[in-house]
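Reader: Please show me the structure. I would then like to go through the backbone, the sheet, the cores and the ring pairs, with the reasoning spelled out.

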Amino acid sequence: MTPEQCREREPTRPPHWTRPAAWSTLVGRDAERRLLMAGAFSPRALLVVEGEAGVGKTRLVAELLDDRAGTGRRILFGQCYQSHEPFPLAPVVEALRCLRGVPSWTLPLNPVVGALVPLLPELAEHLPSALPPLGDRGAERHRLARAVRELLCASGPTLLVLEDVHLSDTHTQDVLQYVMRHMPHQLSIVLTVRREELADASPLGRLFTELSARGSLTELRLAPLDVAGVGELAGLLVTDEAMPAGFVEALHERTRGLPFAVEVITRAMRDERAAIGDGPGWSSRSLTELDLPPALRRWLLDRPARLAPDGQLVVQAAAVLGRPATGESLAAVAGLSRRRATNGLSVALARTLLCEHGEGRYTVRHPLVAQAVYESLPTLRRREMHTRAVHALRAAPGPPSLPQLAHHARWAGDAAQWRHYAEAAADQAMAARNESAAAPLLLAVLSDPGLPSDDRVRMAVKLSRAAWAGVDHVKTVAVLRRALAEPMPAEVHGELRLNLGLLLRNQGGAGHTAIDEIACAVTELRHRPALVARALASLAVPVAIDGASLGEHLEWLRQATAAAHRVRDPVIVTAVLVNRACALMSSGDSEAWQVVETLPTAEATPAQRLHLARACVNLAQSTNSLGHHRAAEEFLHRGQELLAEADAPYLTGMAESGRLMLDWAVGRWTGLRDRALSASARLADQAAPAAEAQLVAGLLALAAGDVPEAVRALRAAVQANPNGWVPVLAAARAALVRAGGTAEDTAEAYRLLDAIRRKGVWVWAVDVAPVVVEAMVRDGRLGAAEEVVAEYAAGIADRDSPAALSALAVCRAVLAQARRRYGEAEQRYAEAEALYRALPRPYEAARAVEARGACRFTAGRDGLDALKQALTEFDALGAGWDAARCRLTLRKHGVAVPHRRGPRGYGRQLSPREQQVAELAAAGMTNREIAAALYLSPRTVEQHMAGIMHKLDVSSRQAIAATMTSRQQ
């Protein structure tokens, strides 16, 4: 066999190298990949791929080794390993062993190659005779270097790849230095290295510096992935649901963009969610609570473990301190002298395990390394270090950080000191109106079953005052209930019960229970009129189906107003006035606008401004539901201005979800679905904002035609806050019915409307009333439907709700159409359209136009113009599902409608891409799953789905599946 024939049969990667199955698609390295591919197969090329551990050097080189293009080059691969007793030349020998099975040489072998026979017995029969010893170690090493070079020369076009050369022994480095200084013409070399672990004084370190200065070396420095890269990589591993932007940002922060860490953590979270079913969402909280996977833990601990003992102790001290610390503090916590600590710090900085954070302060560079190091510490050593941290903080100049003292005292095992510092830190935070910082401190102490009764009561009252800020309400409720069982004065018990009730009502969405707790608190607080006024004002605001009628709420409002006037405390007066405005606005009472005008605007205290921020957020929610969208915009803007100077996470979350709801209503849909999904993950601990975010995500999914995803999100909205703000529940229930929900979904819509009837707040029925009326008509209950519409009309007659009037017009149009009074129905739909446009609500306006056009067709008249107008408006919004429905209606009436964005050239046939999308949709995949599988954006898939429905004359995914099946048969 000729040398040329041998080379044609040579593999393009080493025979012992296999691509790890766990590796995902290369992300964020297009430029580096092109440069590596172009340079690696050039004669006498020398490329060094640099980057820290886990940044993806091996993954990038894998593209090179896995490329089967006809390069005509032998690929020799070797790996350097960490070892206490390194085997000289091990990676070079490993690489040269790749020549077995293809021992054809393009040049006669120099006799010096015989020096390699003892190292390469599997190639002995193809090599010159072994050489006798020289008796001089230096001469032996030089002869071996020459032998390696001569063998590489004789191998013809060859690529030598050595991984992790910073771990190589000095003999290997000497050989590489010789080969690179005397590069064979047909050889190219690719090395991967962590430069921070390769001493500049080492043979390779000196050579890299020299060759780089001469331009003979190409350096590829891999930086960690940015946020977009982390999102793309994580998205490739999780294709069954969306990866919220907030989670991706948290994942990037936690992993610092290292692809290896991103992959391992994402896979661990994915597998955990699959194992437990409906587990926690993709949220920053679920990320921080995840136990480090064993493989990741071992990898993270590898580099710290290779430091000298003093360096290890300094890194451990930095992990225990958990924040930037001075060298003195690190020395104290590590238990080292200043000299030894300085040496250990220098090494840790050189190895990039620590980094400088501001002048003279140091911290662990990667959060995951800090976590792994901390968790690996034996319990006794960890406690000892925390104890030293307490002493170091006390001894440091300036006032000590009380939260840090509390943290270290807790984990040092000093319960008494922990309680003392935690309560002092909470008091300090409360004095600064930073309740969100105070609440977690108190909650942690109150979760200790060994806390004395008196301490429990005192701290529970403080926690109840701070709980509104948005701390974990589930744990807080449990802690406050436990505290209520302790003996205490009635007035203290009443305040604790009141604050528990407020927490249940606002964050917890527990309607009936909250009302009961607050009402009981009123009787216990008879000697504390300010708290009585606050309790009554809370009861006055109707927000949920909680058993109280509108009349009862108004009576509580009267009592709260009277109590506030007796107290004459400006903050209490402002709080009651805010609740009065919110109570009236939520029920559509026009007097609310007059009350809003009386709210203080100038010279308000910080406490009053917080109540005003609450007013703006709640009023924005109510006015948006009523259809006063311009007012909602103004309230949100003012509320966000006030919240910018306050520490109120719960109100901030409500403002964010309120913005999502408003943008949905007025048709600002661009990027809204991603924002909603991100918010639903970040606000998962806050029932009301999470429900609104899930609602918006579900409504947008339904409009786009992703019905399974829509149903999932809508059910999540209901489950997040089942007793919360009724218009949110009504919108979710109505959308579930429109999505073709179950009979139980329709029954739930009936029950919700009946509850609204009992409550007496008919303006809450904007979304659910039309759906219930349509369902009654379908079931042949026309008389009952007419009674509902009459009740609805009477219930909103004296209310200020443009949205309710619009929905009433739709209800009347449905009734007229059912009675075959098509002229009246068309008029009612036109009325609804005009009302919706005046709000504006473009999506509902387009649906009214579509209904008017369909009504004209039903009556035997021409509805073409109306349906074309609706189609145009749906397309403009991105409502692909509704647009497909319009097209289907037009085709049923003989009108050919071209698809707005359909690809040209395929006519009625599916394009190749549409065929792929249709097959995946028929297999039951969601739009997001299809997008991930085909590397498309969800929006692109939505557009393809609309085109598929148009070409197949269908309006549902089920029909696509049936059509695709029949075509295959």
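Author: Helices (H or I, at least four residues) and strands (E, at least two) are DSSP runs, numbered from the N terminus. The model is predicted.

Reader: In which loop is Arg44 found, and what is its phi?

Author: Arg44 belongs to the loop between α2 (30–40) and β1 (46–50). Its relative accessible area is 47%, which makes Arg44 partly exposed. Arg44 is not a glycine, yet its phi is positive, near 55 degrees.

Reader: Is Leu89, which has a positive phi, buried or exposed?

Author: Leu89 sits in the loop between β2 (74–79) and α4 (90–96). Its phi is about 65 degrees although Leu89 is not a glycine. Buried means under 20% relative accessible area. Leu89 has 2%, so it is buried.

Reader: Which strands stand at the edges of the open sheet of three strands, and why?

Author: The order in this sheet is β6-β8-β7, with antiparallel pairing. The strands β6 (325–326) and β7 (354–356) have a single partner strand each, so one side of each lacks a neighbour in the sheet. The edge strands are therefore β6 and β7.

Reader: Which residue of β8 stands opposite Thr326?

Author: Strand β8 covers residues 361–364 and pairs with β6 over two bridges, in the antiparallel sense. Opposite Thr326 stands Arg361.

Reader: What angle does the direction of helix α15 make with that of β7?

Author: Helix α15 (residues 338–350) packs on the sheet and touches both β7 and β8. Its direction and that of β7 make an angle of about 95 degrees.

Reader: How many residues does the largest nonpolar core have?

Author: The residues with the most contacts inside this core are Trp664, Trp669, Leu695 and Tyr792. Leaving aside neighbours within four places in sequence, Trp669 is in contact with residues including Trp664, Leu700, Ala703, Tyr843 and Leu877. The residue count of the largest core is 154.

Reader: How many residues are in the other core, which lies apart from the largest one?

Author: Among the residues of this other core are Met37, Leu292, Leu296 and Leu321. Its count is 73.

Reader: Which residues do ring pairs link into a cluster?

Author: The structure holds seven aromatic pairs. The cluster that ring pairs link consists of Trp664, Trp669, Tyr843 and Phe874.

Reader: How many residues apart are Phe260 and Trp299, which form a tilted pair?

Author: The two ring centres are 4.6 Å apart, with 50 degrees between the planes, and the pair is tilted. Phe260 is partly exposed at 31% relative accessibility, and Trp299 is also partly exposed, at 24%. Phe260 lies in helix α10 (residues 259–276) and Trp299 in helix α12 (residues 294–305), a separation of 39 residues.

Reader: Why is the pair of Trp725 and Trp764 edge-to-face rather than tilted?

Author: Trp725 is buried at 10% relative accessible area, and Trp764 is buried at 1%. The ring centres lie 5.8 Å apart. Planes over 60 degrees apart count as edge-to-face. The planes of Trp725 and Trp764 stand at 70 degrees, so the pair is edge-to-face.

Reader: What does Glu709 touch, and is it buried or exposed?

Author: Glu709 is in helix α34. Not counting residues up to four places away in sequence, it touches Arg673, Leu677 and Ala701. With a relative accessible area of 9%, Glu709 is buried.

Reader: What distance separates the C-alpha atoms of Arg194 and His166?

Author: Arg194 lies in the loop between β4 (187–193) and α7 (203–214), and at 10% relative accessibility it counts as buried. Its contacts beyond four places in sequence include Glu52, Lys57, His166, Arg303 and Arg306. Arg194 and His166 are 28 residues apart along the chain, and their C-alpha atoms are separated by 6.2 Å.

Definitions and conventions. Residues numbered from 1 in each chain as written. Predicted model: local features only at pLDDT ≥ 70, side-chain atom pairs only at ≥ 80, totals over all residues. Heavy atoms only, no water. Pairing = 2+ DSSP bridges. Contact = heavy atoms within 4.5 Å. Axes fitted to C-alpha atoms, helices over the stretch in contact; angles between N-to-C directions. Core = buried A, V, L, I, M, F, W, Y, C linked by side-chain atoms within 4.5 Å. Buried < 20%, exposed > 50% of the residue type's maximum accessible area, 1.4 Å probe, protein only. Phe/Tyr/Trp six-rings, centres within 6.5 Å; stacked < 30°, edge-to-face > 60°.
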